[in-house]
Every structure is written in C-alpha cells, then in structure tokens.
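Please read this briefing alongside the sequence and the coordinates.

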Amino acid sequence: RGAPFTIILPSSGKDGPIAPETHPMSDTEVLTPLEEAAFPFLQHAVLLDQARGALAILDKALVQNAELWLRLSEHTVVNGADLSLEAIDFVNRTATFTAKAAKILEGEMDNALIDKLIALNLNMSEVILKGGAPTEG
C-alpha cells in the first residue's frame, strides 16, 4: 500500500498561489504507487492553469514544472531500463521543451504554450496511472 492520500494545493500569498501546500484528505484514503507517481504532474497542471493571472506566479510555476520534468528525465537515465528508447527520448525531449518554455515565457503570457504544458502534464499523469509509457501527443 502507498502513503496516506494527500492533496497538494497552491498556498496563497499576496500575489496569489505560490507554492504547494499539503492538505491530508483522511487517514483511510491511500494512494497507490502509480497514483503517487502521477500526482505531481496533475498538481503542476493545476498550478500552471491557476498561475495565468499573474506573471510572477506563472514564472515560478513554469520553473517548478520544468524542474519536475528534468527530475523525471534524470530518473529515466538512471532507472529507465524497463522503458523503451522512444519513451526515454520522449521524456528527455519534453524535459528540454519545458525548460525552454520556462525561459521563453519568463515575464510573458502565451496561453497556447501554457495549454500545451498543461496537456503534457495531464497526459503524463494519465499514462502513469495506466502503467504505460508516454507517447507523442
């Protein structure tokens, strides 16, 4: 069994949501290991969507999202023996894309690009929950 189920919501600062804050759901609900792996991608999709209102918050959300994908990329290099080369390549290219997007969008708003980042996160969360490997979308 996984760890107790916890939902992480952005905490509010003077400029709006800034960083994830942990809120336990209950002592009886438990995430499976797949749910635990998928949850950060869902969390970052929500954070990106909510951060559209303020550029400073969006910049932080974009950097956090890029860091999540870069950690996944590093993890696949070290522990990706069970993944196909295509899946590893997808993760690596997506990590590079999210890092470049964070830099390009610094102080800028591009809803289409933010929508793409959100879609990538939701797709990765879904793929993890299904126990599969990511594919081009």
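Leaving aside neighbours within four places in sequence, which residues is L58 in contact with? The model is predicted, and in it L58 is in contact with L48, A51, E108, M109 and I114. L58 also belongs to the largest nonpolar core, where L48, L58 and L62 touch the most other members.

**Nonpolar cores**

- The largest nonpolar core holds 16 residues.

**R52 in the loop**

- R52 sits in the loop between α1, residues 33-50, and α2, residues 55-79.
- The side chains of R52 and D49 are joined by a polar contact of 3.0 Å.
- Beyond four places in sequence, R52 is in contact with M109, N111, I114, D115 and I118.

**T98 in helix α3**

- T98 is part of helix α3, which covers residues 85-104.
- Is T98 buried or exposed? Its relative accessibility is 2%, under the 20% cut-off, so T98 counts as buried.
- With residues up to four places away in sequence not counted, T98 touches N65, A66, W69 and L117.

**Surface patch**

- A nonpolar patch on the surface is formed by L42, V46 and L122.
- Together these three residues have about 210 Å² of accessible area.
- L122 is found in helix α4.
- The relative accessible area of L122 is 39%, which lies between the cut-offs of 20% and 50%, so L122 is partly exposed.

**Q43 in helix α1**

- Q43 has its place in helix α1.
- Why does Q43 count as buried? Q43 is buried because its relative accessible area is 12%, and buried means under 20%.
- How far apart are the C-alpha atoms of Q43 and S125? They are separated by 9.4 Å, although the two residues are 82 residues apart along the chain.

Methods. Residues numbered from 1 in each chain as written. Predicted model: local features only at pLDDT ≥ 70, side-chain atom pairs only at ≥ 80, totals over all residues. Heavy atoms only, no water. Helix = DSSP H or I, 4+ residues; strand = E, 2+ residues; numbered from the N terminus. Buried < 20%, exposed > 50% of the residue type's maximum accessible area, 1.4 Å probe, protein only. Contact = heavy atoms within 4.5 Å. Polar contact = N/O pair within 3.5 Å; in protein donor to acceptor, adjacent residues only side chain to side chain. Core = buried A, V, L, I, M, F, W, Y, C linked by side-chain atoms within 4.5 Å. Patch = residues over 30% accessible without salt bridge, like charges linked within 9 Å, V, L, I, M, F, W, Y side chains within 5 Å. Areas by Shrake-Rupley, 256 points an atom, 1.4 Å probe, with all protein chains shown as cover. Salt bridge = Lys/Arg side-chain N within 4 Å of Asp/Glu carboxyl O.
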